[in-house]
Amino acid sequence: MVIFTVAIDGPAAAGKGTISRAVAAHFGLAHLDTGLLYRAVGAKGGDPVLAAQTLTEADLARGDLRTLEAGQAASRVAIIPEVRAALLDFQRRFARREGGAVLDGRDIGTVICPEAEVKLYVTASAEVRAHRRWLEVGGDEARVLAEVKERDARDMGRADAPLKAAADAVVIDSSDMSVTAATSLAIGIVGDALRAAGKV
Ligand code: CDP
């Protein structure tokens, strides 16, 4: 039975998604983008607690979840403790599933899976992150930077499960390296941990 969790946390547009998908594909682990859960709750409208309690696969498959607006709406509903509580069990079960899992988000190493075998905190300067997000979404780069900073402040400042690096997380700051280089670093760290745990 292989139970092995890789927790990847960090601020907006830090490259967590790219790194998580690559780590999961490299080691054959399942991947859950937990930000998508909050984006889907924010996009659903109505009562966010009810939306979180009744979230379906179809809600997660919407085509408009990657926009800047959906990111802002996600970080607003993510403040609500009942929303976070409604999404907790699903994430915990996913983290400890048979065969191993990679989860990326804000509170995976601190709250969802403090027992994760590997914890990475992926970050970069706000300017570098905003530039990378702007290359994806286009528009006005100054506005993208303002959105990134606003979301970071909300995510780090909230009372329930604020964004911070777990005490035992390895920090990867990709301000001066490409996301590809950060990905190689992450794969190396996870490979070492898997070997140390005798799982490969
Ligand atoms: O892709 P990006 O880093 O821009 O954002 P995301 O991971 O899709 O997360 C969107 C928002 O959901 C974040 O700004 C957080 O407010 C919230 N979130 C959270 O509170 N906890 C998580 N585990 C994941 C996301």
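Two strands are taken to pair if DSSP finds at least two bridges between them, where strands (E, at least two residues) and helices (H or I, at least four) are DSSP runs numbered from the N terminus. This is a predicted model, in which local features need pLDDT of at least 70 and side-chain atom pairs count only at pLDDT 80 or more, while totals for chains, interfaces and linings use all residues. Residues are numbered from 1 along each chain as its sequence is written, and side-chain values use heavy atoms, with hydrogens and water left out.

**Sheet**
- Strand β1 (residues 5–9) runs parallel to strand β4 (residues 118–123), and 4 bridges join the two; Asp-9 has Tyr-121 of β4 as its bridge partner.
- The 5 strands form an open sheet in the order β2-β3-β1-β4-β5, with parallel pairing, and its edge strands, each pairing on one side only, are β2 (30–33) and β5 (170–173).

**Helices on the sheet**
- Helix α1 (residues 16–27) lies across β1, β2, β3 (101–105) and β4, and runs at about 180° to β3 (angles run from 0 to 180 degrees between N-to-C directions, with axes fitted to C-alpha atoms, for helices over the stretch in contact; contact means heavy atoms within 4.5 Å).
- Helix α2 (residues 34–44) packs on the sheet, where it touches β2 and β3, and its direction makes about 35° with that of β2.

**Ligand surroundings**
- The ligand is surrounded by 18 residues (each with a heavy atom within 4 Å of it), and the closest are Arg-39, Arg-84, Arg-133, Arg-151 and Asp-155.
- Polar side-chain atoms lie 2.6 Å from a ligand oxygen atom in the case of Arg-39 and 2.5 Å from a ligand oxygen atom in the case of Asp-155.

Conventions
Polar contact = N/O pair within 3.5 Å; in protein donor to acceptor, adjacent residues only side chain to side chain.
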